[in-house]
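Have a look at the structure first.

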Amino acid sequence: MAEEAVLLSIDDAVATIRLNRPEAFNSVNAALAEGLIQALDQCAEDEAVRCIVLTGSGKSFCAGQDLKEVTNPDKSQVPEFRDLLEQRYDPIVKRLRRIEKPIV
């Protein structure tokens, strides 16, 4: 069973979102991006959450895009950079900006 790429825990009024790919320095792949979006949405909707802490597992916060995902030798399966921005990163940034709770 694979570990989840993003872990969410809520203690009192503080939600901790932990990027959980320490073996890849928490680099962003499709699973991590989807998990982060889901965790942010859950925190935004939960009235009991008053603050969000965003952190990473292991010794790194986040190394950025997982290059293994975009350097596939079969070029037909490599996502376009513009598509990654529009489908993955734009939704994350928009959610971070819209949440009316402090994010650390």
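The hairpin of β1 and β2 has two residues between its strands, and D12 takes a positive phi near 55° there. Strands here are DSSP runs of E with at least two residues, and helices are runs of H or I with at least four, numbered from the N terminus. Keep in mind that this is a predicted model: local features need pLDDT of at least 70, side-chain atom pairs count only at pLDDT 80 or more, and totals for chains, interfaces and linings use all residues. Residues are numbered from 1 along each chain as its sequence is written, and side-chain values use heavy atoms, with hydrogens and water left out.

**Strand pairing**
- β1 (residues 6–11) pairs with β2 (residues 14–19) in the antiparallel sense, over six bridges; pairing takes at least two DSSP bridges between two strands.
- Within β2, A15 is the bridge partner of I10, and I17 is that of L8.

**Sheet**
- The open sheet has three strands in the order β1-β2-β3, with mixed pairing.
- β1 and β3 (51–56) are the edge strands, each pairing on one side only.

- Leaving aside neighbours within four places in sequence, I17 is in contact (heavy atoms within 4.5 Å) with residues including V6, L8, L36, L40 and I52.
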